[in-house]
Amino acid sequence: MIDTLVARADSCAVADPEDFHRDFLPRFIDAQRKYHSGDAEPNNALWSTRDPVSLFAARGLGGVGTEDVTKTFRLVASWFSALRSYELELLVSNVSGDLAYTVAFERYTASREGRPPAPTEPRATHVYRRENGHWKAVHRHADLLRPG
């Protein structure tokens with residue numbers, strides 16, 4: 001009985017904004033670097049496996065539900081290779097309870113679908129949810145400043 005109460009109290013604990021910014025966000029940014037190098041799995045590991053989950057990607061692809069989102073991430077990551085640089089310029093972020101969001105410019109130079117590496121600059125908004133004490137991404141919406 002005590003273990004159940006402790007587990008319930010842990011799941012209701014207020015999120016620490018520093019935990020999101022200090023621990024989760026750097027891992028999420030590193031996963032984006034790997035994603036743009038062709039490896040979707042570090043990114044997928046930081047996404048919730050509990051619906052609702054959604055994706056509105058910069059080139060019109062997307063999905064709703066963990067299966068669609070994971071499948072889309074794997075497909076798109078397979079197009080990338082030869083990452084030369086990746087930078088995330090965080091414009092705004094906030095944590096409120098068990099929800100957080102980021103708004104950023106992503107700037108990267110990578111090969112896409114075998115073409116020579118080219119710079120790309122999408123604007124991206126992410127929503128995150130804390131589940132069982134761990135932050136997970138639950139939504140991404142991105143669009144390209146300069147379609148490429």
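A cavity, as the word is used here, is a set of grid points where a 1.4 Å probe fits but cannot get out, and the residues that line a cavity have an atom within 4 Å of one of those points. In this predicted model, a search of the whole structure finds two such cavities of 30 Å³ or more.

**The largest cavity**

- The largest cavity holds about 240 Å³ of space, and its lining is made up of 20 residues, of which Tyr35, Ala57, Ala58, Val76 and Arg140 lie nearest its centre.
- Two or more lining residues come from each of helix H2 (17-35), helix H4 (66-79), S4, strand S6 (122-131) and strand S7 (134-144).
- The largest share of this lining is supplied by H4, which gives four residues.
- By kind of residue, the lining of the largest cavity comprises 12 nonpolar, four polar and four charged residues.

**The second largest cavity**

- About 30 Å³ of space lies in the second largest cavity, which is lined by Leu25, Phe28, Ile29, Leu88, Leu90, Thr102, His126 and Tyr128.
- H2, strand S3 (80-96) and S6 each contribute at least two residues to the lining of the second largest cavity, and H2 gives the most, with three residues.
- Six of the residues lining the second largest cavity are nonpolar and two are polar, while none is charged.

**Strand S4 and its partners**

- Because 10 of its 14 residues are buried, S4 is largely enclosed by the rest of the structure.
- S3 and S4 pair in the antiparallel sense over 13 bridges, and within this pairing Leu90, which also lines the second largest cavity, stands opposite Ala104 in S4.
- With strand S5 (residues 118-120), S4 runs antiparallel over three bridges, where the partner of Thr109 in S5 is Pro119.
- S4 and S5 form a hairpin with five residues between them, and in its turn Glu113 has a positive phi of about 55°.

**Glu106 and its surroundings**

- Glu106 counts as buried because its relative accessibility is 1%, and the cut-off for a buried residue is under 20%.
- The side chain of Glu106 is joined to that of Tyr86 by a polar contact of 3.1 Å, and to that of Arg140 by a polar contact of 2.9 Å; Arg140 is also one of the residues that lie nearest the centre of the largest cavity.
- Once its neighbours within four places in sequence are left aside, Glu106 is in contact with Gln32, Tyr86, Glu87, Leu88, Thr120, Glu121, Pro122, Ala124, His126 and Arg140.

Terms used:
Residues are numbered from 1 along each chain as its sequence is written. This is a predicted model: local features need pLDDT of at least 70, side-chain atom pairs count only at pLDDT 80 or more; totals for chains, interfaces and linings use all residues. Side-chain values use heavy atoms; hydrogens and water are left out. Buried means under 20% relative accessible area, exposed over 50%, partly exposed in between (1.4 Å probe, protein chains only). A polar contact is a pair of N or O atoms within 3.5 Å; within protein, one must be able to donate a hydrogen and the other to accept it, and residues adjacent in sequence count only if both atoms are side-chain atoms. Contact means heavy atoms within 4.5 Å. On a 1 Å grid over the protein atoms alone, a cavity is a set of points where a 1.4 Å probe fits but cannot get out, and a pocket is an open set with protein on both sides within 12 Å along at least five of seven lines; lining residues have an atom within 4 Å of a point. Grid points are joined across faces, edges and corners, and a volume is the space filled by probe spheres set on the points. Ala, Val, Leu, Ile, Met, Phe, Trp, Tyr, Cys and Pro count as nonpolar, Asp, Glu, Lys and Arg as charged, and the others, Gly among them, as polar. Two strands pair if DSSP finds at least two bridges between them.
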